[in-house]
Amino acid sequence: MKKYNSVLKYIFITAASLLVTVGCVHDDKYDQPNLDGYDCADKKGIAMPFADVKAKFQNNTTYTFPVDETPNNEADDLYMVGYVSSTDETGNVYKTIYIQDALENPTHGFTISVDMVSSYTKFPQGSKIYVKLSGLSVGTYGGVVQLGVKTGSESAANGVSRIPEKLVPNIIFRSCTTRGEVIPKVLTLAELKNNENLIGCLVQLNEVEFDSKALCSNFAPNGQTVDRGIGQGWNESSSTYVSTAVVRNSGFASFANQTLPAGKGTLKGIYSKFQSGSTTTYQFYLNRVTDLDMEGKSADGIDHHFPRLDKMKENPCRFSDANLTAKTVSDIKQLAGSLAPNGLVQITGDFFVKAQITANDETGNLFKYLYIEDATGGIKVNINKADLFQDNRFKVGKDLNIKLKGLYIRNVAGELQIGSNDASSAVAYRIKEEDVYKYLYDSNAPARAVVASERSISQLTTADVGRWIKLKDLEFINADLGKTYADGSATSNRTLEDCSGKTIALRTSGRAIFGIKAASAIEIAGGKGDVYAILSVFNGTYQLWITQLTDLNLTNPRCDGSVYTPIPVLYNDDFAAGGFSADWTVVNKVGPNQFWGTSNQGNGTNYYAVMNGNAGGAGNNFANEDWLISKAVSLVGKSKAVVTFTTDVRYAGNTLQVYATDNYTGDVATTNWTSLPATLDTNSNAFGDWVSSGNVDLSAFLGKNVRIAFKYTSTTSAAATWEVDDFKIKGQ
């Protein structure tokens, strides 16, 4: 979240946000800033050409200009002299001032990083400015050379930090001359890579259009910065643009919530790029939305922005039901007839459906699909695009118009769904991202509250599949208490039951922010209450999908009257630092020089304990017996205690064994071990599907000091890889 540090800035942002409306109304017309009272100065120092300043950055090394030792001798001061090409009045340009070396036909541009907002009030577009180079540094970010300061806290050695706002008055000076008009330099997209000296300049592109993946979406979701693709020139044989780039839009811009113009036309923006490794993406920043002329009728009453380069003849974002027949969700399902599982049937009639969005992917538990519902039922809509919730069209509670002709109905393990016949999107047959605009239309009506259909587990029928439902008085089964909502990156099942013992599965994706993706995986709620969820079905078994944790209101006592309280953690180790602390004992009883260790391979920065009896490749397995033993943890005074952890297995081999003891002798052979019945990962075909052990009972060790041990064994014919993480001993 951006923080604004002055009352003036707060008032500006608030006033700008009040003007935001959905649609294509231009709302970024501002009065020219009143510069009366602001100091101006025309400096008489030495003007350093932009190219010479940029050349100071050599061998990927930051250069810092010497500090002026004679501040009163202005004639010796070194300056960059240029004209402001950018403006941050709409909030799309942030803490950056772009300049160019001439108002018209510039040869060079430059990027200045400043820690200030509303810079347009002092340095409006077209202003001539002097930038005193004393003490400033030339560095780079994303391959763009820029001016800033060197503080030593930069994340990259060749980077620079923003010039502090309090220093700006002593570094950047606005000329007293009248502001001029910046005339954009006309380029084609194909010419960008040969004109990188112009990065930071105002550039105009003619005959350009947003690509089909961006059509009918807004400039940017609230608070998010996104890229919208643009294209120029059209290759008939491949149906692709000859040249492409992106327009980078801020979710804090005053026009962020407006719909992108759908036609072909002119774009004026600040030219920039972003380089990552060997990949360079050319990009543009809009100063204001009126710098786009890509939609709307001219004086002759004709919209000359169509047809587009891709042959689209009219604005595709304006829904009309003319010549279309309305269908209900129930009608759509009937079109499938007796469709067999995994079968597809195309919708060929000129039909449309209008239904309310009841669930989207905002928390990550749903992925690349929505659920919609009308009075007759609900259905899943598969779309090959992530983060659908960021698009205005796909907000929960909004009505969505769907043109059905050309889409497909598919039977997925008994659940009828809407999608495409595109098998390239895995098994989901999702609507291609570039085709979304052809079928899915914003109703432009405000979102309404989603009303759940109240059911009991025993009342559920196939007619409820796809609906947003409410099930009263459910609780997680005892065996699930202590587990997290998801075990690993895949989707996990947890079981809910009512007080009569009837059960239903709750599905949770590892992508969900309340699943394993959470910074600390969240333990399931232990009480009883109401559950709001989408009902789906898989091979005749009903299952639930929640969209956020508040869909589970499990705060009442359980069916047996008990109140579940999560057991406090007495000891935990997630091996985050890598290596074992003195809390752990590693024992190699049988086998070569192979021991339990830690690794983060395939797991980002998250380390875990791992043991593998294979020396690399088939036929290199060894017979092993290796132990990983925890420190002793006191359960004295406790009335309840458990151990929990997660495991992941890959390749065939013996099952990991888990033991506990209260009398470790220092020799695993003479110690009396008690086997623990923990739930372990059983999918040896893949890494990454971490499985929670659940609360493994340690009642036999209450009042004692307990150690937990993991025993790994392998043979010359089979050596699995076992991984252990998130180890906790809990007691109360």
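The structure holds 26 aromatic pairs, where rings of Phe, Tyr and Trp (its six-membered ring) pair if their centres lie within 6.5 Å, and planes under 30 degrees apart count as stacked, over 60 as edge-to-face and the rest as tilted. This is a predicted model, in which local features need pLDDT of at least 70 and side-chain atom pairs count only at pLDDT 80 or more, while totals for chains, interfaces and linings use all residues. Residues are numbered from 1 along each chain as its sequence is written, and side-chain values use heavy atoms, with hydrogens and water left out.

| Pair | Geometry | Centre to centre | Between the planes |
|---|---|---|---|
| Tyrosine 79 and tyrosine 130 | edge-to-face | 6.1 Å | 80° |
| Tyrosine 651 and phenylalanine 687 | edge-to-face | 6.0 Å | 90° |

Tyrosine 79 belongs to strand S3 (residues 78-84) and tyrosine 130 to strand S6 (residues 128-132), so their pair ties together parts that are 51 residues apart in sequence; strands (E, at least two residues) and helices (H or I, at least four) are DSSP runs, numbered from the N terminus. Both tyrosine 79 and tyrosine 130 are buried, a word that stands for under 20% relative accessible area, with exposed meaning over 50% and partly exposed in between (1.4 Å probe, protein chains only). In the other pair, tyrosine 651 sits in the loop between S40 and S41 and phenylalanine 687 in the loop between strand S42 (674-675) and strand S43 (691-692), so parts that are 36 residues apart in sequence are tied together. Tyrosine 651 is partly exposed, at a relative accessible area of 41%, and phenylalanine 687 is partly exposed as well, at 40%.

Ring pairs also link Tyr571, Phe575, Phe580, Trp584, Phe645, Phe710 and Phe727 into a cluster.

Isoleucine 163, placed in strand S9 (residues 163-164), counts as buried at 0% relative accessibility. When neighbours within four places in sequence are left aside, isoleucine 163 is in contact (heavy atoms within 4.5 Å) with several residues, among them Ile112, Val114, Leu136, Val149 and Ile171. Glycine 364 lies in the loop between strand S20 (351-359) and strand S21 (369-374) and is buried, with a relative accessible area of 14%. Not counting residues up to four places away in sequence, glycine 364 touches Ser509, Arg511 and Ala512.

For the chain as a whole, there are 4 helices and 46 strands, and the C-alpha atoms fill a box of roughly 90 × 75 × 55 Å along the principal axes. Of its 732 residues, 51% count as buried, and among contacts between residues at least 6 apart in sequence, 72% join residues at least 24 apart.
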